[in-house]
Amino acid sequence: MALYDAPYARKYRERDDQLQQVASNQQLIDWLGQVCDRFVHPIDVLDLGCGTGRYFWGLRNVKTLVGLDASEPMLVEARHPIHADRVNAASLSLVHGDLVSHEFAPASFDLVYSIGVLAEHVRLDDRLIARVRRWLRPGGRFAFTTVHPESPSVPRTAGRRLAEWTLPLLPAALSGGLHDRFVAGGMYGDERWLRDRLSKGFAIESLERFRSDVHLHGRCVARKAGE
Ligand SMILES: C[S@@+](CC[C@H](N)C(=O)[O-])C[C@H]1O[C@@H](n2cnc3c(N)ncnc32)[C@H](O)[C@@H]1O
């Protein structure tokens, strides 16, 4: 990963320390802990695009934690994550790989989560959702953030402004193509995109907008259904 090279990874890890003063970071930590609390047993967890392990310490009641990332330098930093002494996992392994192509055995995890990666760096599409579903055990959960297409950080091109105005006026059956363009085929994710994608094999438990210091996000917890 060209962007996440060693100097950038070092800075990213330093930012983990600074973020301890930022409310939205603490809100994500709390959210993650609450997702863990929905399980009545110790869980096996996968962090997709774990980076420097910024959120590891928010997890609770974890047996095994696997962090997957495409950047080796980010994984080097993740060996010493923020609040390492508070990381509540019986075992932690860091895996270098691309989440679009890396394989895990089916039904390996109770929780797959991903913060700041999907519908941001990696397209959140049907294929990816089917992969996550395969890795989850029955009743397992998928918790993730997206960048919302209405985020101030997303360029408000004339096309996007027009779509924002037109989409609520059009029946869903006629507006599919326009909406796909609005979310750039899953490079951003709004409520409609997530509901449509997750309708195949997940039941949404919560879906809300969330503001971080950088973006307006979608934030979602979905439970594997249909088994
Ligand atoms: C903004 S950082 C988020 C890191 C961490 N989840 C956090 O919230 O601090 C994005 C991370 O996604 C990783 N990433 C991007 N594309 C990826 C891919 N295709 N497979 C695995 N990791 C990827 C990058 O290497 C980077 O560490």
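1. In this predicted model, arginine 209 forms a salt bridge with glutamate 150, and the closest N and O atoms are 3.3 Å apart. The pair links distant parts of the chain, 59 residues apart: arginine 209 belongs to strand β6, while glutamate 150 sits in the loop between β5 (136–147) and α5. Arginine 209 is partly exposed, because its relative accessible area is 42%. Glutamate 150, at 29%, is likewise classed as partly exposed, since that class runs between the limits of 20% and 50%.

2. A salt bridge also joins arginine 15 to aspartate 213, with 2.7 Å between the closest N and O atoms. Arginine 15 lies in helix α1 (residues 6–18) and aspartate 213 in the loop between β6 (202–211) and β7 (216–224), so this pair ties together parts that are 198 residues apart in sequence. Arginine 15 counts as partly exposed because its relative accessibility is 31%. Aspartate 213 counts as partly exposed too, with a value of 44%.

3. Arginine 131 forms a salt bridge with glutamate 103, where the closest N and O atoms are 2.9 Å apart. The arginine is in helix α4 (residues 126–135) and the glutamate in the loop between β3 (89–96) and β4 (109–114); the pair therefore ties together parts that are 28 residues apart in sequence. Is arginine 131 buried or exposed? Arginine 131 counts as buried, because its relative accessibility is 3% and the cut-off for buried is under 20%.

4. How many salt bridges does a search of the whole structure find? The search finds 19. Some charged residues are linked in a network of salt bridges, namely Asp44, Lys63, Asp110 and Arg137.

5. Tryptophan 165 lies in helix α5, which covers residues 158–166. Why does tryptophan 165 count as exposed? Its relative accessibility is 63%, and exposed means over 50%.

Methods. Residues numbered from 1 in each chain as written. Predicted model: local features only at pLDDT ≥ 70, side-chain atom pairs only at ≥ 80, totals over all residues. Heavy atoms only, no water. Helix = DSSP H or I, 4+ residues; strand = E, 2+ residues; numbered from the N terminus. Buried < 20%, exposed > 50% of the residue type's maximum accessible area, 1.4 Å probe, protein only. Salt bridge = Lys/Arg side-chain N within 4 Å of Asp/Glu carboxyl O.
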